[in-house]
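Work through the exercises below with the sequence and the model open. Try each task before reading its solution.

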Amino acid sequence: MAVAHLRRSGGSRIMTMPASVVEKAERSGFLLDAALDVEFDEAAKTIVIVSRKPRYRLEDLLAQCDPEAPVGAEDQAWYDDGPMGAEDV
């Protein structure tokens, strides 16, 4: 288990997270400067930090795409299918 310390910063307290925790969090979708929900669970005497819904950036999503990947049968059927309603084509 990693150890973190609370420090005073003005009227607030700050906590830095160990690199091992940050690396795992980033692999799970936590982004730098992400908004987090923080609460204190009185019964368990624990601080609970929960990621809000992730915000995606187009360049990050596109970086995961392989433009050379073959088109699957399901996608090809969708491409070949005509308009279903009043779409402009």
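**Confidence and conventions**

The mean pLDDT (the predictor's confidence in each residue, from 0 to 100) of the protein chain is 88, and 98% of its residues reach 70 or more. This is a predicted model, in which local features need pLDDT of at least 70 and side-chain atom pairs count only at pLDDT 80 or more, while totals for chains, interfaces and linings use all residues. Residues are numbered from 1 along each chain as its sequence is written, and side-chain values use heavy atoms, with hydrogens and water left out.

**Exercise 1. State the order of the elements and find where confidence is lowest and highest.**

Step 1. Helices (H or I, at least four residues) and strands (E, at least two) are DSSP runs, numbered from the N terminus. The protein chain has three helices and four strands.

Step 2. Read from the N terminus, the order is β-β-α-β-β-α-α.

Step 3. Helix 1 (residues 19-27) has the lowest confidence, with a mean of 87. Helix 2 (residues 58-63) has the highest, at 93.

**Exercise 2. Describe the extent of the chain and how much of it is buried.**

Step 1. The C-alpha trace spans about 60 × 30 × 25 Å along its principal axes.

Step 2. Buried means under 20% relative accessible area, exposed over 50%, and partly exposed in between (1.4 Å probe, protein chains only). Of the 89 residues in the protein chain, buried ones make up 1%.

Step 3. Take contact to mean heavy atoms within 4.5 Å. Among contacts between residues at least 6 apart in sequence, 5% join residues at least 24 apart.
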